[in-house]
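Q: Please take a close look at the charged side chains and how they pair. Then set that part against the rest of the chain.

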Amino acid sequence: MALTSDDKNQIEKIVRKEIKDFLETTQAHTLVMKIVQKELGNKKIDDKIVELSTKVVVELFKTLWQRKSFWESALKSVR
């Protein structure tokens with residue numbers, strides 16, 4: 001007997017609730033945050049995330065610009 005999409009959605013809701021409850025009732029969240037902060041160094045996590053995100057976006061746009069001929073014609077033909 002295969003699971004229906006409703007069954008899958010219900011299972012997903014239950015799992016999400018269980019994970020949320022686990023993280024709220026244990027010190028798992030703070031433990032993970034401490035480990036991440038230790039690995040990143042003294043800088044705040046938000047600063048590192050902003051720095052990394054900026055680098056990723058800049059590289060993305062640079063790559064898109066360099067390969068403009070590859071995707072530009074495909075976008076122009078969509079109407």
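**Charged pairs and their setting**

A: Arg 16 counts as exposed because its relative accessibility is 56%, and the cut-off for exposed is over 50%. The model is a predicted one. The side chain of Arg 16 meets that of Glu 12 in a salt bridge, with an N to O distance of 2.7 Å. Glu 12, at 37% relative accessibility, is classed as partly exposed. Both residues belong to helix H1, which covers residues 5–25, and they sit 4 residues apart, about one turn of the helix.

The structure holds 4 salt bridges, and the one between Glu 12 and Arg 16 is among them. Side chains of opposite charge can pair when their charged atoms come close.

Further pairs are found in helix H3. There, Lys 55 forms a salt bridge with Glu 51, and their closest N and O atoms are 3.6 Å apart. This distance falls inside the limit, which is within 4 Å. The two residues are 4 residues apart in helix H3, so about one helical turn separates them. Lys 55 has a relative accessible area of 49% and is therefore partly exposed. Glu 51 is partly exposed too, with a relative accessible area of 30%.

Glu 59 and Lys 62 make another side-chain salt bridge, at 3.4 Å from N to O. Their spacing in helix H3 is 3 residues, about one turn of the helix. Glu 59 is partly exposed at 43% relative accessibility, and Lys 62 is partly exposed with a relative accessible area of 41%.

Helix H3 also takes part in a nonpolar surface patch. Val 57, Leu 60, Phe 61, Leu 64, Phe 70, Trp 71 and Leu 75 make up this patch of about 730 Å². Helix H3 (45–66) and helix H4 (68–76) each supply at least two of its residues. The most comes from H3, which gives 4 residues. Leu 60, one of the patch residues, is found in helix H3 and counts as partly exposed because its relative accessibility is 46%.

Helix H2 spans residues 28–40 and contains Gln 37. The relative accessible area of Gln 37 is 39%, so Gln 37 is partly exposed. Gln 37 and Val 56 are 19 residues apart in sequence, and their C-alpha atoms lie 21 Å apart in space.

As for the chain as a whole, it has 4 helices and 0 strands, giving the pattern α-α-α-α along the sequence. Its radius of gyration is 22 Å, well over the 12 Å that the globule rule gives for 79 residues, so the chain is more spread out than a compact globule. Along the principal axes, the C-alpha atoms fill a box of roughly 50 × 50 × 20 Å. Of the 79 residues, 3% are buried. The accessible surface comes to about 7800 Å², and carbon and sulfur atoms account for 62% of that surface.

Returning to charge, the chain carries 16 positive and 12 negative side chains. The centres of these two sets lie 8 Å apart.

Notes:
Residues are numbered from 1 along each chain as its sequence is written. This is a predicted model: local features need pLDDT of at least 70, side-chain atom pairs count only at pLDDT 80 or more; totals for chains, interfaces and linings use all residues. Side-chain values use heavy atoms; hydrogens and water are left out. Patches are made of residues with over 30% relative accessible area and no salt bridge: like charges are joined within 9 Å, nonpolar side chains (Val, Leu, Ile, Met, Phe, Trp, Tyr) within 5 Å. Accessible areas come from the Shrake-Rupley method with a 1.4 Å probe; for residues, only the protein chains shown count as cover. Buried means under 20% relative accessible area, exposed over 50%, partly exposed in between (1.4 Å probe, protein chains only). The radius of gyration is taken over C-alpha atoms; the globule rule is 2.2 Å times the number of residues to the power 0.38. Lys and Arg count as positive and Asp and Glu as negative; His and the chain ends are not counted. The place of a charge is taken as NZ of Lys, CZ of Arg, CG of Asp or CD of Glu.
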